[in-house]
2 protein chains.
Amino acid sequence: MSGKTAITPTRSENYPEWYQQVVKGADLAENSDVRGCMVIKPWGYAIWENIQRQLDAMFKATGHENAYFPLFIPMSFLEKEAEHVEGFAKECAVVTHHRLEPNGKGGLRPAPSAELEEPLIVRPTSETIIGATFARWVQSYRDLPILINQWANVVRWELRTRMFLRTTEFLWQEGHTVHATAEEAQIETRQMLDVYAEFAEGSMAMPVIKGEKTAGERFPGAVSTYSIEAMMQDRKALQAGTSHFLGQNFAKAQEIKFQSEAGQLEYAWTTSWGVSTRLIGGLIMTHSDDDGLVLPPKLAPAHVIILPIYKTPEERAKVMPFCEGLKKDLAAQQYAGEAVRVRIDDRDIRGGDKKWQWVKRGVPIRIEVGPRDIDNGTLFPARRDGVKCEKVAPAEFVAKIAEVLAEMQQGLFDRAAKLRDEATVKIDSLAEFEKFFTPKNADNPEIHGGLAYCHFVDSPEIEEKLKELKVTVRCVPLDGEAEAGTCIFTGKPSTKRGVFAKSY
Amino acid sequence: MSGKTAITPTRSENYPEWYQQVVKGADLAENSDVRGCMVIKPWGYAIWENIQRQLDAMFKATGHENAYFPLFIPMSFLEKEAEHVEGFAKECAVVTHHRLEPNGKGGLRPAPSAELEEPLIVRPTSETIIGATFARWVQSYRDLPILINQWANVVRWELRTRMFLRTTEFLWQEGHTVHATAEEAQIETRQMLDVYAEFAEGSMAMPVIKGEKTAGERFPGAVSTYSIEAMMQDRKALQAGTSHFLGQNFAKAQEIKFQSEAGQLEYAWTTSWGVSTRLIGGLIMTHSDDDGLVLPPKLAPAHVIILPIYKTPEERAKVMPFCEGLKKDLAAQQYAGEAVRVRIDDRDIRGGDKKWQWVKRGVPIRIEVGPRDIDNGTLFPARRDGVKCEKVAPAEFVAKIAEVLAEMQQGLFDRAAKLRDEATVKIDSLAEFEKFFTPKNADNPEIHGGLAYCHFVDSPEIEEKLKELKVTVRCVPLDGEAEAGTCIFTGKPSTKRGVFAKSY
């Protein structure tokens, strides 16, 4: 395959199409027969299972419990929080009937006699239905805090969809908590943002910026929204997780009240926070290359793929037991608190095809094992991160597997952080800002820009300019130092920089 | 509480109401604001997580992988399999619009301009949408078998609902597999039935009968349906899991074809199999008593609950470190391949209330620890299965915890099996059959009947009689010996007995 890449087109040729081909080549997902909904295939779902398991442990370690709430929300629930309606009413799947009947032409139709008195919407998010439940659970300050998480599917009717990044139905988790004080709810909001950042950087090897969203980018109904923002290889930003301080807005809409220690009836303070299968889109675009998916070891469904090579039944009788033994020895090792995940691919297909399938699926370490390798007592591992491997004795390979995986995990993070840092600039004039975000030439639209840290004053008037350049304020970083400056759009005095970028 | 029970009414007073009160008392679930949909509360959901984790491992050990398919099914997909339509069209939630808009009266309405060209139904089961996907995945015999499982929510519009047992939305897993031959598909169907039976008996401590359903009770579109059937304490049967051999019916409806080894284009053979949150209903009704839920250790979210008892800060300073140490020691023990699950309840509420909360929640072992227990070096554990415990030294309690839990798990199974076996009879005349299923007196409608093994010949004419008695054929047991007999309804010759019962 010298000179040729396993994925066509390459990132520099056509980044969006490269993305689709990586998804296809790695067998992660495909479009379904339902507009905007995808099928998550086993390899993609196994990544989601790893994400779930690791996040779930972090949620539980911070005191949260899982529960499950209805898929459907009565239409009237949406009406109670004005901003929330504004945000979600336009993209709701609406259930209006509860029965089909023959349409007299050999097909079916919704039965007119089974029309619902009140339409139900398929949850786009569950603040309203969960809030109504919490209102029943909370009586006294002794019932607080309530710390709940839900793993679920949600539906937002999107017109332009893209696998993992934006789909009509997607899988996610949504945390919902209730507190006695504003301060406690704010601490929770920030704690979960920290959990997301730790997961993104530690498990996904995806560096992120933690920050607060501007008013225009807040969750509908929130008092403040925080997000983690990552930079993809095309220098566009991806919002990878959000945590919302909802103040008393939803408590008032859903009547979540409690008797305080002082004996007064007060509205509670709530938060919500979520990440979704969109993370897999971020994972793909952070690490993958022109040969396909590259997976950080912590989330790889298999750490090691063993490919037995043989031509005759005799060779097979020699190679297979060796491979099984190697698999067993590797699986007895621990990496990141879990058993090393190993598979053997003994399918009867052409060796080259097989090898490239696993390259495109992003398995961190690949080993072909033939009779000669066994005779020589050496293995030639191949690392998916492009780092060259020396030949190694099987016992040593096994003994060092966790160390190598840890090194790969860190290496992927470092590479992504370097790319991002190199594409990050401080900009102090509008002219420079415009130049930064203007494509250099039409052939390579991605070779420009990145993340710009600029002084600004959040106001509707700057939106016009940003819209024109197709740039958004991603967030105001939480770790940004206070610094006197001037808004590059309005000339007004500013104390903090925001991060600006083109984005998904 | 002498003489009084924690749950009112008792099982013998009013079994259905007792069930609702056990669910409520154990904080498992509650009705939601959406008709027929429940909220699964943290304690109930933690049981479901244990069920999921253990079943999922069994599915993976038998070669299945998880994937995820769309929530929505185009209406036209249902039309393709005639029996399937018949079975599900009457209870479908139908999505007809994708946007809400203001209704001009301060509320919302489905936007007439956003009506879908083709309505979508919320999946009641996914044979059609998954089958359409499999049709794309399968080209050649080399692509087979396909062994997929999905964890998902489904919706069947039920008019009479009951928490866990029958709800409009429920959580389940649905396995879907494709095979090259009928024989292989049949083996898969039976294998998954065995997995379900092993799980029910091994993890739930719920004895089950494996059998084949009669034609009238088959899954809509299946060639044959197998089920596991359990007997509840009111002697009614509960279908706890089903496995379907679908023949080529869905392959033909969805065009799942493959090129055989001989080079011919053939329709594939498919199966599907599922269990749902209904299992939790079965778990409740198999073991619980008049003091509430009783959980088999393998599925209990906590094996041991430690209740610290103290009055003064000094006592607290003595008791809490001891409890933390005990928790740590217990959690370091293994039971059934997992760490022993221990919680400390240090909430500031009345000791008696606290104790009874945990009784009602069914935690296998409860220990109150006060300063005197520490001084004396003895613990007084209380077992939720009613077996009396001797006082025991802490170190011994820790050392024997796995043994005690295993004994409790087996004890619950034995007790349930005994109850079932005592309520199981062979019946050879219709008169005896009628007597068996006629309530003895109105006050105690459950003190009668159970499971009746009877010769019968499956035919529409016996249905009338059964309907009159409110009895159904649960299944024809797979382990039943061939035995010449006479159908008790028709007098026709029969070779096998079926199991008859009243049922959920």
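This is a predicted model: local features need pLDDT of at least 70, side-chain atom pairs count only at pLDDT 80 or more; totals for chains, interfaces and linings use all residues.

Trainee: What makes A:Asn14 a cap of H1(A)?

Mentor: A side-chain oxygen of A:Asn14 lies 3.2 Å from the backbone nitrogen of A:Glu17, at the N-terminal end of H1(A). The cut-off for a polar contact between N or O atoms is 3.5 Å, so the pair qualifies.

Trainee: Which residues of H1(A) are buried, and how do you know on which side they lie?

Mentor: The buried residues are A:Tyr15, A:Trp18, A:Tyr19, A:Val22 and A:Val23. They cover an arc of only 140° around the axis, which means that they are on the same side of H1(A). An α-helix has 3.6 residues a turn, so residues three or four places apart point the same way. What covers these buried residues includes strand S1 (29-31) and helix H8 (278-287) of chain A.

Trainee: Why is the contact of B:Arg136 with A:Glu30 called a salt bridge?

Mentor: The closest N and O atoms of B:Arg136 and A:Glu30 are 2.9 Å apart, and the limit is 4 Å, so the pair counts as a salt bridge. This pair crosses between chains, from helix H5 (residues 127-137) of chain B to strand S1 of chain A.

Trainee: Are the two partners buried or partly exposed?

Mentor: A:Glu30 has a relative accessible area of 16%; buried means under 20%, so A:Glu30 is buried. B:Arg136 is at 34%, between 20% and 50%, and therefore counts as partly exposed. Both residues belong to a network of salt bridges that also links A:Asp27, A:Asp33, A:Lys41 and A:Arg361.

Trainee: What makes the salt bridge of A:Arg383 and A:Asp385 one between buried residues?

Mentor: The side chains meet at 2.8 Å, N to O. A:Arg383 has a relative accessible area of 13% and A:Asp385 one of 11%; each value is under 20%, so each residue is buried.

Trainee: What makes S4 an edge strand in both chains?

Mentor: The open sheet of 6 strands runs S4(A)-S8(A)-S5(A)-S5(B)-S8(B)-S4(B), with antiparallel pairing. Strand S4 (72-74) of chain A and strand S4 (72-74) of chain B each pair on one side only.

Trainee: How do you know that S4(A) and S8(A) are paired?

Mentor: S4(A) and strand S8 (residues 115-122) of chain A share 3 antiparallel bridges; pairing takes at least two, so the two strands are paired. A:Pro74 stands opposite A:Leu120 in S8(A).

Note on methods
Residues are numbered from 1 along each chain as its sequence is written. Chains are lettered from A and ligands numbered from 1 in the order in which they are written. Side-chain values use heavy atoms; hydrogens and water are left out. Buried means under 20% relative accessible area, exposed over 50%, partly exposed in between (1.4 Å probe, protein chains only). Helices (H or I, at least four residues) and strands (E, at least two) are DSSP runs, numbered from the N terminus. The arc is that of the directions from the helix axis to the C-beta atoms. Contact means heavy atoms within 4.5 Å. A polar contact is a pair of N or O atoms within 3.5 Å; within protein, one must be able to donate a hydrogen and the other to accept it, and residues adjacent in sequence count only if both atoms are side-chain atoms.
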